[in-house]
Amino acid sequence: MKKAIFYIVLSLTILLGFTYKTDTKPRIIKYKKNDSCLVDSTSLNIDRKKNRPNHIDSLYQLLFTEDIKPNKQGFAQAYKGLMYFQKICTNLVHDTLALIDFTLSSNKERLWVIDLKQNKILYHELVAHGKNSGEEFPSKFSNLEESFQSSLGFYFCGDTYDGLNQLSLKLYGLESKFNGKAFDRGIVIHGANYVSKKFILENERLGRSLGCPAVRQDIISPLSNTIKNGCLLYIYSNNKSYQKYSTVLKQINKK
């Protein structure tokens, strides 16, 4: 009898310990973070040839032919960041890049997933920002729990799991000052019914999350399967604090 009770208690402990919730204060699973990618003051030699302005400008012109384009500076930073993190993250996928441009209206598709091997756009999607970051345009960002704001910077895309919002993709912030608490905050990519053209028509803007970059319900499965386990995600804004104090930007902008 005592042995049976012991195993019941043990099973409940394991079950509760491995619950991962999103958009609420999470009960964090025990998962090894990609600490080797976390940036504080790492200095590396970067492939300057691929980071030349003319190369990045040509790539930008080739990739973005539709009316809705990401900020050119944001794309350049994302691309240079990929070159940079390739030398730090052993599990990083080298030919796929995800970019969110928060300088654009939430009513526009501002998430791109880019295949840099074939030089083509795989996904161009709507994406929500945190409800305390702003209405149509986000302007406030935070790395704090329960701020319900979005966090800027570079992320490592982890594995998928089934959580409160069904299929979700774990994100690991790679900049301790700006998004290093993303995992602990439960910041993930998940599907949401408030991310749709219909919601925009009815409310004059896209719905907002509690800090997660939420996407359409019907795209979360193929999208997450494309970028999980190693894709680099960059969430861009012309926010003065991030642009000035990001350690990654300081490194990739070195001449």
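**Cavity, cores and salt bridges of the predicted model**

One cavity of 30 Å³ or more was counted in the structure, a cavity being a set of points on a 1 Å grid over the protein atoms alone where a 1.4 Å probe fits but cannot get out. Grid points are joined across faces, edges and corners, and a volume is the space filled by probe spheres set on the points. The model is predicted, so that local features need pLDDT of at least 70 and side-chain atom pairs count only at pLDDT 80 or more, whereas totals for chains, interfaces and linings use all residues. Residues are numbered from 1 along each chain as its sequence is written, and side-chain values use heavy atoms, with hydrogens and water left out.

The largest cavity has a volume of about 40 Å³. Its lining (residues with an atom within 4 Å of a point) consists of Phe-102, Ala-128, Ser-150, Ser-151, Tyr-155, Ile-187, Gly-211, Cys-212, Pro-213 and Ile-235.

The protein chain contains eight helices and eight strands, taken as DSSP runs (helices H or I, at least four residues; strands E, at least two) and numbered from the N terminus. Of its 255 residues, 50% count as buried; buried denotes under 20% relative accessible area, exposed over 50%, and partly exposed in between (1.4 Å probe, protein chains only). Among contacts (heavy atoms within 4.5 Å) between residues at least 6 apart in sequence, 66% join residues at least 24 apart.

The largest nonpolar core comprises 63 residues, of which Phe-75, Phe-85, Phe-154 and Leu-233 touch the most other members. Such a core is a set of buried Ala, Val, Leu, Ile, Met, Phe, Trp, Tyr and Cys residues joined through side-chain atoms within 4.5 Å. A second, separate core of eight residues includes Leu-126, Ala-128, Ile-200 and Ala-214. Ala-128 also belongs to the lining of the largest cavity.

In helix H6 (residues 220–227), the buried residues are Ile-220, Leu-223, Ser-224 and Ile-227. These residues lie on the same side of H6 because they cover an arc of only 95 degrees around the axis, the arc being that of the directions from the helix axis to the C-beta atoms. An α-helix has 3.6 residues a turn, so residues three or four places apart point the same way. The cover over the buried residues of H6 includes strands E2 (111–115), E3, E4, E5 (166–173), E6 (188–192) and E7. Asn-229, which follows H6, has a positive phi near 55 degrees.

Six salt bridges were found in the whole structure, each defined by a side-chain nitrogen of Lys or Arg within 4 Å of a carboxyl oxygen of Asp or Glu. In one of them, the closest N and O atoms of Glu-125 and Arg-216 are 2.8 Å apart. Because Glu-125 lies in strand E3 (residues 120–125) and Arg-216 in strand E7 (residues 215–216), this pair ties together parts 91 residues apart in sequence. Glu-125 is buried at 8% relative accessible area, and Arg-216 is partly exposed at 23%.

Arg-216 also forms a salt bridge with Asp-218, at 2.7 Å between the closest N and O atoms. Asp-218 is exposed, with a relative accessible area of 56%. Through shared partners, Glu-125, Arg-216 and Asp-218 are joined into one network.

A further salt bridge connects Arg-208 and Glu-135 (3.6 Å, N to O). Arg-208 lies in the loop between helix H5 (197–203) and E7, and Glu-135 in the loop between E3 and strand E4 (153–163), 73 residues apart. Arg-208 counts as partly exposed at 24% relative accessibility, as does Glu-135 at 47%.

Key: 1 Å grid on protein atoms, 1.4 Å probe; cavity = no way out; pocket = protein on both sides within 12 Å on 5 of 7 lines; lining within 4 Å.
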